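Have a try at each one before you read on.

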Amino acid sequence: MRDLLTELTQAAAARCDYADARYVRSRSESIATRNGEVDEVERHESEGVGVRVRRGGGWGFAATRELTRTGLEVALLRALEVAEAQPGSPATPLAPEPPAHGRYDSPCERDPFEVSIEDKLAVLLAADDGMRGDARVAVTRAHHLAFAEDSVFASTEGALCEQFIVDCGGGIAATAVAGGETQVRSHPASFRGDVARAGYEHFAELALAEHAPRVAEEALALLTAPACPSGRTTLLLDGGQLALQVHESVGHATELDRVLGSEASYAGTSFLSPGDLDDRRYGSPRMHVTADATVAGGLGTFGWDDEGVAARRVDLVREGVLRGFLSSRESAAGIGLERSGGCMRASGFDRQPVVRMTNVNLEPGEAGSLADLVADTDRGVLMETNRSWSIDSRRLHFQFATEAAWEIEGGERRRLLRNPSYAGVTPEFWAGLDAVCSADEWRLWGVINCGKGEPGQTMRVSHGTAPARFRDVQVGVA
Amino acid sequence: MPESPLDLAARALAAVRSGDGAQATVTTERSVLLRFARSRPTQATAIDDRSVELTVVCDGHAAGATTNRTDEEGLAACARAAERAAEATARTRAYADGSPGPHPGFPAPAPLRGHAGHDAETALLDPGRGGTALEAALAAGAAHGVEAHGVWTAAETETAIASTSGVAVADRLTDAFMKVTAFAPSGRSGYAAAAATDSKALDPHSLAERAAAKACFGGPTAEAPHLEPGAYPVVLEPLAVGELVGWLGLLALNGLAFAEGASALEGRLGARVAAPQVNLSDSPRYPGTLPRAFDLDGVPKAPLPLIQDGVADRLVHDRRSAALAGGGAESTGHALAPGGSPHGPAATNLVLAGGAAADERELCRPIERGVYVTRLWYTNPVRPKETLLTGVTRDGTFLIEDGEVTRPLADLRFTDRVLGVLERAQELSARPVLTSEGEFYGRRFATGVVCPAMRVRSLRFTG
């Protein structure tokens, strides 16, 4: 494949301003149980090549599963054809980047595709069984997920690199129903759990069966818990919910293609502008956010992005001030940056890369453990595990709901509260950040359903967070 | 002569050597999509892919494997993977009494009704047609002094199913979609979109004109003030209505959710759940819809009344949810995946019947002070069993005063129950139109809701 892609890009060099080609073989496995039965055992595999060409200011892209010299040449011709079909536009520069060479393999102690289905089902069924017993628990679910991707990248600038990545994880959820009330509780995260760039060892460490009884008990307790009151108060977020808060209100907002308007018709724009760099206050001085494609275990960790830019760690927000964007070679050059942020990613061989999050992390603070943070809070609400999310197209006005919350009074965690929710405006909310737990509480959370691009792409990204505290937040909004 | 999807499905099925039954599902996508932003082209994408999914049942336990390698070696590897998975599942979950697992078996063949959802010219996927569409939209945008953003896309998708129960069916569909988002110098935006099975039905100039008119309503530099949160009468354009009705389908009309006690219609079938003028069905061959002949179990699609004169009537089922529901429930042809999706069945051709109002303007007339909504964005369920959603308005939110749209508003967040909105529906426009986003979250499975505009007594805006 290396030779085929090299030949292809050499052939393309004389016919366009720039071209690259990616071979991608993707594998995934989804195994799930539901109410004690096997609900899903599915394996998916696809492979093909995507050819991307640049003519003037526009990109053309064609994908094929015909992995022959002829098949790739046809794809190149099609990419040139669709590029030329577009109305003419002036050429724009790409930020320079040394051609990528070499190989990257993500850390993986145990290949999840080599673990037997029986072993995985045994873990899931044990966890599923652990959540059942009370008739009010109407639905129990347990999930195992695994992904692997082999890729080769070549470009007309002489890049030629290979990567192999493995992701694995899972989770459990119990849904309790009584009367008109329905409550759900999950571990370690909602929407099929938590996934990391790691092997089966990550799934094993989730200890799903151990957490199953607690998950069911909390789902049942939520049925009769008092509703989260409405008003402005101090809000503590667990790491999982905070990860989605970072994702929606920092990650997407700092995507430079959105900032520049390239995604306005679908994903939306941003409240940020290029002129805000190094000037705009995003949040309190305790807010430090990085985009780090080098951190171990992150779903946005790789050797090179999908246009051959080496993995980087860059500041997005430092001491509450905007310091960077998530960028590509084109968008970086568009605002005069010397280098791309290395954030171009595609969801498979048949999609062209777009600016994506890597691992957008809220760096740890010095507030100790979550218990310390609760003890340091006189009055407020602790919310845990995302249940619902929504934010406007400029990433300003958001509303989240979580599965559970606890009232905090006098530095102690008190009553469980049902149907918690909160809303805010991004810079105001982050200005209220006054404490982030310490490094011992910091961990990566996988988000496996991030949608963007047309045709649509679903990307896996991670967010490193530790529990944090926000002052004067509107809660109980739904 | 390239191999037909149905021939490939038969060849894939023949690769299965063990198990008690199997189904081969072939899906083919050929598509072209041209994007534009800030009044210039940005990305053009052409896709040509075909995948085979093999579902194998062993002792009543099903498992599946998918590949896009369609040579003999690729199909054999896919078959072995599905067989091993089904056997492993059966071994792990064998019942002490020897009874089979829960898979209801593959359906028997049934007669299909054809449809007119394939247009040969659209299937040519001529990118030149897309380029011409972009030129027209960009020119119209320039004439109005707005920035134009959007996509033009066309596709031909084919689905073929062959099973050991004798099903051997194939369906072809073309779809075309264009949207234009216009940004005025004020930063305000307007939106217009159209979808059809025939790319010639798209009018790029008209779409750009409509989007520009919304962005510039009240003047290209007019500010859009904020409205205080509260409940206001609203007129929802078809795009907004389609968004709400689509969520109702997923949350409440879903037979699996109902069987598991998670549907808002639990205990309410046969009861009034919406205003009397609300008539909702799933109608796979309704004029203007993106038609489908069968679902991904190969079960034929047929019109299904869901809400009649405001009364909840039926739910959608796949074979899996029907088996779980019991009581004689049968598949209604709404499987989203072979054997049924873990998320349950879903309506793919929702049609909300039109009402008596001539158009949106007439719908506005009785409103003293209210809100006009073009479309909704980032809607997500807050409490699914209540059909409680939150989301924001986008690309054209206006104030209605004394029966007329008078000035632009800043986008608003709503948090309300879909069934509540339908209960408070007062009037519908006469002509339903197809609303669609052209695809289905990355998978070219074009669906849409055919619906009219709607006046609602109140919608709860929360921010």
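**Exercise 1.** Work out how many residues of domain 1 of chain B are in contact with domain 2 of chain B, and describe that side of domain 1.

*Solution.* Start with the contact itself: 39 residues of domain 1 of chain B touch 28 residues of domain 2 of chain B, where contact means that C-beta atoms, placed from the backbone, lie within 7 Å. Next, look at which element gives the most to this side of domain 1: E5(B), with six residues. Then sort the residues of this side by class: 16 are nonpolar, 16 polar and seven charged. Here Ala, Val, Leu, Ile, Met, Phe, Trp, Tyr, Cys and Pro count as nonpolar, Asp, Glu, Lys and Arg as charged, and the others, Gly among them, as polar. Finally, check the bounds: domain 1 of chain B covers 5–215 and domain 2 covers 230–461, as set by an automatic or database domain assignment.

A word on the model: it is predicted, so local features need pLDDT of at least 70 and side-chain atom pairs count only at pLDDT 80 or more, while totals for chains, interfaces and linings use all residues. Residues are numbered from 1 along each chain as its sequence is written, and chains are lettered from A and ligands numbered from 1 in the order in which they are written.

**Exercise 2.** Find which strands pair with E6(A), and in which sense.

*Solution.* Helices (H or I, at least four residues) and strands (E, at least two) are DSSP runs numbered from the N terminus, and two strands pair if DSSP finds at least two bridges between them. Begin with E4(A), which runs parallel to E6(A) over five bridges; Arg103(A) stands opposite Glu162(A) here. Move on to E5(A), joined to E6(A) in the antiparallel sense by 17 bridges. In the hairpin of E5(A) and E6(A), with four residues between the strands, Gly158(A) has a positive phi near 95°. E7(A) is antiparallel to E6(A) over seven bridges, and Gly179(A), in the two-residue turn of their hairpin, has a positive phi of about 60°.

Conventions: Two residues are in contact if their C-beta atoms, placed from the backbone, lie within 7 Å.
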